[in-house]
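Dear colleague,

Please find the structure below, together with its sequence. My notes on what was found in it follow directly after.

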Amino acid sequence: MMASIGEFDPLNTRVPATKIEVTVSCRSLLDVDTFSKSDPVVVLYLQAVGTKEWREFGRTEVIDNTRNPDFVRKFVLDFFFEEKQNLRFDVYNVDSRSCNISKHDFLGQTFCTLGEIIGSTGGRLEKTLSGIPGKKCGVIILTAEELSNCRDIATMQLCANKLDKKDFFGKSDPFLVFYRSNEDGTFTICHKTEVIKNTLNPVWQPFTIPVRALCNGDYDRTVKVDVYDWDRDGSHDFIGEFTTSYRELSRGQNQFNVYEVLNPKKKGKKKKYINSGTVTLLSFKVESEYTFVDFIRGGTQLNFTVAIDFTASNGNPSQPTSLHYMSPYQMNAYAMALKAVGEIIQDYDSDKLFPAYGFGAKLPPDGKISHAFPLSGEGENPNCVGIEGVLEAYFQSLRTVQLYGPTNFAPVINKVANCASEITDGSQYFVLLMITDGVISDMVQTKEAVVNAASLPLSIIIVGVGPAEFDAMEELDGDEVRVSSRGRLAERDIVQFVPFRDYVDRSGNQVLSMARLAKDVLAEIPDQLLSFMKSRGIEPRPALSSSPLPQLHRHM
């Protein structure tokens, strides 16, 4: 138990992102019942990342005698921006009481990702049903809405009285650790207060925590709080514990929010044991914050740009040892990184046109070195159609340009920053993916470019491929120390760097490698987008409405 509190890293605990409620309607379903219309039900399956197997997640209710059902029962899904969450909707006509879905008539199916529904205009996606050869199966309409309690942020302050004295010389050095309980009865750490030195009556600073981190949206779920005495060597002494819930805390300061701190071991040993002190809630307030989904639903588009390293250190593309080698059997690391990240971001970009650049190559016909040439080969137009279009342009460029050098990042960063500087009203947010095999040659200029770009609606993802030492990259990834240039600090942390080798699945499963990579590099994007919007005082626009469902004349 003790080890786990020392290892708590608030940035890496996977808080359920947010809960999305998906509503389902169908139009013009097939008629299979001879004497009446169908009695439809929709079954939702989720696909597991590694095994690719489909598992049933839930079913709507059955609606009798209609080809145009609007189902009442909704699907509530945890949404993680950084994962590709594949969904499959199967429609059946229920014609017996059997729970076994295969005993009923299949009316069609459709596939999509959760991101596709959220990224559609107004969070409403219409898809054609298919699966019965030669028949029109009708359409399914999926609407995504974020559950309201996911945006709440709680701020609270606690103090304690008469805690047990644990230190031989002097009093205790107390701190609190909060845990939320999971569905399976286990506990996940979600907050640690600061340590207050040498007192048995500490008053901790107020702290802020997302409500979903405290209870995952279930207000009555147990919240466990442990009280510890801090020790320099990390072997913190357990003083005692108490439990509460979000609902109890939200009542604020009152006689019910004074908790006895109990130590089960002491309770068992000493007959006269009462408690190890008390903890009191001094204040509690809850506020709503805008979320990533609010901005996407309000029409904010993610603009995805790719830049690929064409320097000679990658090796001759025709040799199997080259990082740019095009094997007919599997994708190289550049293609994998591009596809992994691009396939997730494309759900939030309605035009599916992605600018793609190369840097560090000599271009035909005259061998001019370029650090920002369009892979499309079309002079001024760097846009490629879809992620497949980017991959094609990348492979085509490998055949036409000469790998050269040096590895200059600043020209591409400045190019994308120029585009971002033209649209700062919150309607667009830019994500630049740079894939490179090596050490940056223009570090001074790159740092300046990053510091300048930090005030713009832009995030930069750098994926390092190959065996090089990428120490310099860590300087750009401002997680530990904010990037600075000529004494100016970057306004926000906008760079995320990862070495691709950390994600390669040992068994050679490329799908898993790509999912792991995407999960890590994209996890920070929603917060980076929010930090930009907040710094500019931009609020999301009202959710774009898409055309309402057609009113159906019910034929009686």
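Asn198 is partly exposed, with a relative accessible area of 48% (buried means under 20% relative accessible area, exposed over 50%, and partly exposed in between, with a 1.4 Å probe and protein chains only). The residue has a positive phi of about 55 degrees although it is not a glycine. Its place is the loop between strand 11 (187-192) and strand 12 (207-210); helices (H or I, at least four residues) and strands (E, at least two) are DSSP runs, numbered from the N terminus.

This is a predicted model, in which local features need pLDDT of at least 70 and side-chain atom pairs count only at pLDDT 80 or more, while totals for chains, interfaces and linings use all residues. Residues are numbered from 1 along each chain as its sequence is written, and side-chain values use heavy atoms, with hydrogens and water left out.

Arg486 is another non-glycine residue with a positive phi, here about 50 degrees. It sits in the loop between strand 26 (484-485) and strand 27 (488-489) and is exposed, at a relative accessible area of 73%. Ser322, by contrast, counts as buried at 6% relative accessibility. Ser322 lies in the loop between strand 17 (301-309) and helix 7. Leaving aside residues up to four places away in sequence, Ser322 touches Asn314, Gly315, Asn316 and Pro317, where contact means heavy atoms within 4.5 Å.

Two cis peptide bonds deserve mention. One joins Pro364 and Pro365, with omega about 0 degrees; Pro365 belongs to the loop between strand 19 (361-363) and strand 20 (368-370). Another joins Gly405 and Pro406, with omega about -10 degrees, and Pro406 is in the loop between strand 23 (402-403) and helix 9 (410-422).

As for sheets, four strands form an open one in the order 4-1-8-7, with antiparallel pairing (two strands pair if DSSP finds at least two bridges between them). Strand 4 (75-79) and strand 7 (124-128) are the edge strands, each pairing on one side only. From one strand to the next, the twist averages 30 degrees. Within this sheet, strand 1 (residues 18-27) and strand 8 (residues 139-146) pair in the antiparallel sense over eight bridges. Glu21 has Glu145 in strand 8 as its bridge partner.

Turning to helix packing, the axes of helix 7 (residues 333-345) and helix 12 (residues 510-522) come within 9 Å and cross at roughly 60 degrees. Axes are lines fitted to C-alpha atoms, for helices over the stretch in contact, and angles run from 0 to 180 degrees between N-to-C directions. Helix 7 and helix 12 are therefore oblique to each other (under 35 degrees counts as roughly parallel, over 145 as roughly antiparallel, 65 to 115 as roughly perpendicular and the rest as oblique). In this contact, Met336, Ala337, Lys339, Ala340, Val341, Ile344 and Ile345 of helix 7 meet Gln510, Ser513, Met514, Leu517, Ala518, Val521 and Leu522 of helix 12.

Finally, the buried residues in helix 10 (residues 443-453) include Met443, Thr446, Lys447, Ala449, Val450, Val451 and Ala453. Among the elements that cover the buried residues of helix 10 are helix 9, strand 25 (458-464), helix 11 (471-476), strand 26, strand 27 and strand 28 (495-499).

With kind regards
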